[in-house]
Amino acid sequence: MSEDYHQIRKEKLKKWREAGISPYGARFLPLNSLREIKDNFPAWEGKEARVAGRIMSIREHGKSAFMDIQQESIRLQIYLRKDIVGEDNFARLGWLDLGDVIGAEGEIFKTRSGEVTLMVKSFSLLSKCLHPLPQKWYGLKDVEKRYRQRYLDFLVNPEVRNIFLTRSKIISLLRRYLEEKGFTEVETPMMHILPGGALAEPFVTHHNALDIDLYLRIAPELYLKRLIVGGWEKIYEINRSFRNEGVSPRHNPEFTMLELYWAYADYQDLMQFTQEALSKIIYEVCKSYVIEYQGESLDVSPPWERISFTHAFKEIANLDWRDEKEVGKKASEWGIGGDTPGKNLDAIFKKKILPHIIQPTFIYDYPRILSPLAKGKEEDLTERFQPIICGLELGNAYSELNDPREQRERFIHQRKEKESGDREAHPMDEDFVQALEYGMPPVAGLGIGIDRLVMLATNSSSIREVILFPLLRPE
RNA sequence: GGGGCAUUAACUCAGUUGGUAGAGUAACGGCCUUUUAAGCCGUGAGUCGGAGGUUCGAUUCCUCCAUGCCCCA
């Protein structure tokens, strides 16, 4: 194998240098956008334009050549003629390759076949591409390569760009919505002394100067609640949390969450809030309340169905969740049993109940044993709900427990779970209990998994499709 | 952690019931001044993911490993 694409391109690069022209150009502003030119051709016809983009195709015709240049996902045809750009410049076309970034100036016109085109008067190389781009027509399908070299994915698969535009739009709409409702965005630590606010295994790191282990946060919850103690009434945070768990189509070790706290409200208020906010955002992004997700037609218009945890267990799994013995028996029968009653309940809920919930639904009033930070209701329940769509847990919310004594007891119980082998049990956090002792107003808190929301809105089956650089094993 | 599937040219894919591989696009050389998956003529391109094993012979069969995808725990 003597043909080396990289080598051939490096030789072309050398030719630019030998001609005294840098193959890596400088500032090329001001620039006319390709979209603007294509969308408003009548205004541009006969006018001078200055454009830049990556060469995505070349069609040579002897003494002239067509190229398509791409800016973002818009392509514009440019036309170069030997008699216009001059013999020397025209000869330099041979030093260009698919993938090179060029700038060009000239007049906008339409070809015989009606294509909006720039008649090039001058052009310059702005950046040489030293590797062949994936072939334009078939795109890049190799999933691994798409994630490892996401830049190639964006260059040749325009629909991928749309997913991330949608993601950006969703987050922006969320912020705007929250701001309208009077919420303030805050930033709390990502490195925690104790990994709290959720039941999950953390990543551990080390701070050298203080010589202490720190944990990447599994949730911002306990710090946000400290702010509520401090008198903040409506706050939210949109940022990453980290959980040291396996990678799957629905889990990435780092993921983005919206977490919000609303003082003096309860979980009923948040159900209202959630269905309004999410349906509105999905409507804005998808232009419809009815969306397709992986073959299911989902109607996200409010109100969403509400089913209590107890009822869901009864109806879907035909089980009384309070019957610890029966639950344990069923769990091991299904091969999903855990070490503790809590684990069994959680497993049955996730594996046997969630998959049956398709339309947007609130499951509410969870067992206390599953919710160490939620406010109690009756003897063994908590004021908690989860929005579920297409079997996906989109979030988690509750009326927050604000009784420090009960909070301490729940932590003690979690410690027992930990001692009996549950590595995801919540650690005792005395500092947080102390904050509660100063008096936290009644408050409702909501977490929304942004990645999963984006999956729904973009009909993506894997969370990796909605994360720019998902975690992969190093090559 | 366990199971299944995948890995062949730069890209997308064929293929070989075991005899060291093909196509389209891309690349390279030539022709062509309104093409657009441009066209025409010609050329070259591969450790068939890696390492072992079986065999006269392995890309193909077996084992292990790597990476990815999916399912299960």
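Q: Contact means heavy atoms within 4.5 Å; which residues are in contact with Asp100 when its neighbours within four places in sequence are left aside?
A: Asp100 is in contact with Arg9, Gly53, Arg54, Ile55, Trp95, Leu125, Ser127, Lys128 and Cys129. The model is predicted, and local features need pLDDT of at least 70, side-chain atom pairs count only at pLDDT 80 or more, and totals for chains, interfaces and linings use all residues. Residues are numbered from 1 along each chain as its sequence is written, chains are lettered from A and ligands numbered from 1 in the order in which they are written, and side-chain values use heavy atoms, with hydrogens and water left out.

Q: How do you know what confidence the predictor has in chain A?
A: The score is pLDDT, the predictor's confidence in each residue, from 0 to 100. Chain A averages 94, and 99% of its residues score at least 70. Among its elements, the lowest mean pLDDT, 87, belongs to helix 12 (residues 324–333), and the highest, 98, to strand 6 (residues 184–185). For the complex, the predictor gives an ipTM of 0.93 and a pTM of 0.93.

Q: What makes a run of residues in chain A count as one of its helices or strands?
A: Helices (H or I, at least four residues) and strands (E, at least two) are DSSP runs, numbered from the N terminus. By this rule, chain A has 16 helices and 21 strands. The C-alpha atoms of chain A fill a box of roughly 90 × 50 × 50 Å along the principal axes.

Q: Why is Asp100 called buried?
A: A residue is buried under 20% relative accessible area, exposed over 50%, and partly exposed in between (1.4 Å probe, protein chains only). Asp100 has 0% relative accessibility and therefore counts as buried. Asp100 is placed in the loop between helix 5 (87–91) and strand 4 (101–110). Buried residues make up 49% of the 475 residues in chain A.

Q: What makes the approach of Asp100 to Asp97 a polar contact?
A: A polar contact is a pair of N or O atoms within 3.5 Å; within protein, one must be able to donate a hydrogen and the other to accept it, and residues adjacent in sequence count only if both atoms are side-chain atoms. The side chain of Asp100 reaches the backbone nitrogen of Asp97 at 2.9 Å. Asp100 also belongs to a network of salt bridges that links Lys12, Asp97, Asp100 and Lys128.

Q: Why is the pairing of Arg148 and Glu144 called a salt bridge?
A: The term requires a side-chain nitrogen of Lys or Arg within 4 Å of a carboxyl oxygen of Asp or Glu. Arg148 and Glu144 meet at 3.1 Å, N to O, and thus form a salt bridge. Both residues lie in helix 6 (residues 143–148), four residues apart, about one turn of the helix. Arg148, at 27% relative accessibility, counts as partly exposed, and Glu144, at 42%, is likewise partly exposed. The structure holds 33 salt bridges.

Q: What makes the salt bridge of Glu237 and Arg217 a tie between separate parts of the sequence?
A: The closest N and O atoms of Glu237 and Arg217 are 3.0 Å apart. Glu237 lies in strand 10 (residues 234–242) and Arg217 in the loop between strand 9 (212–216) and helix 9 (221–229), so the pair ties together parts that are 20 residues apart in sequence. Glu237 is buried, because its relative accessible area is 2%; Arg217 is buried at 0%.

Q: How do you know whether Asp346 and Lys350 are buried or exposed, or in between?
A: Asp346 has a relative accessible area of 28% and is therefore partly exposed, while Lys350, at 37%, is also partly exposed. These two residues form a salt bridge, with the closest N and O atoms 3.2 Å apart. Asp346 and Lys350 lie four residues apart in helix 13 (residues 341–353), about one turn of the helix.

Q: What makes strand 7 and strand 9 a pair?
A: Two strands pair if DSSP finds at least two bridges between them. Two bridges join strand 7 to strand 9, and these strands run antiparallel. The open sheet of three strands has the order 7-9-8. Strand 7 (191–192) and strand 8 (204–207) stand at the edges with a single partner strand each, so one side of each lacks a neighbour in the sheet. His192 stands opposite Tyr215 in strand 9.

Q: Why is Ile357 called buried?
A: Ile357 is buried because its relative accessible area is 4%. Ile357 is found in the loop between helix 13 and strand 15 (361–364). Not counting residues up to four places away in sequence, Ile357 touches Ile316, Ile363, Ile388, Ile389, Cys390 and Gly391. Ile357 and Ile316 are 41 residues apart in sequence, with their C-alpha atoms 9.4 Å apart.

Note on methods:
Contact means heavy atoms within 4.5 Å.
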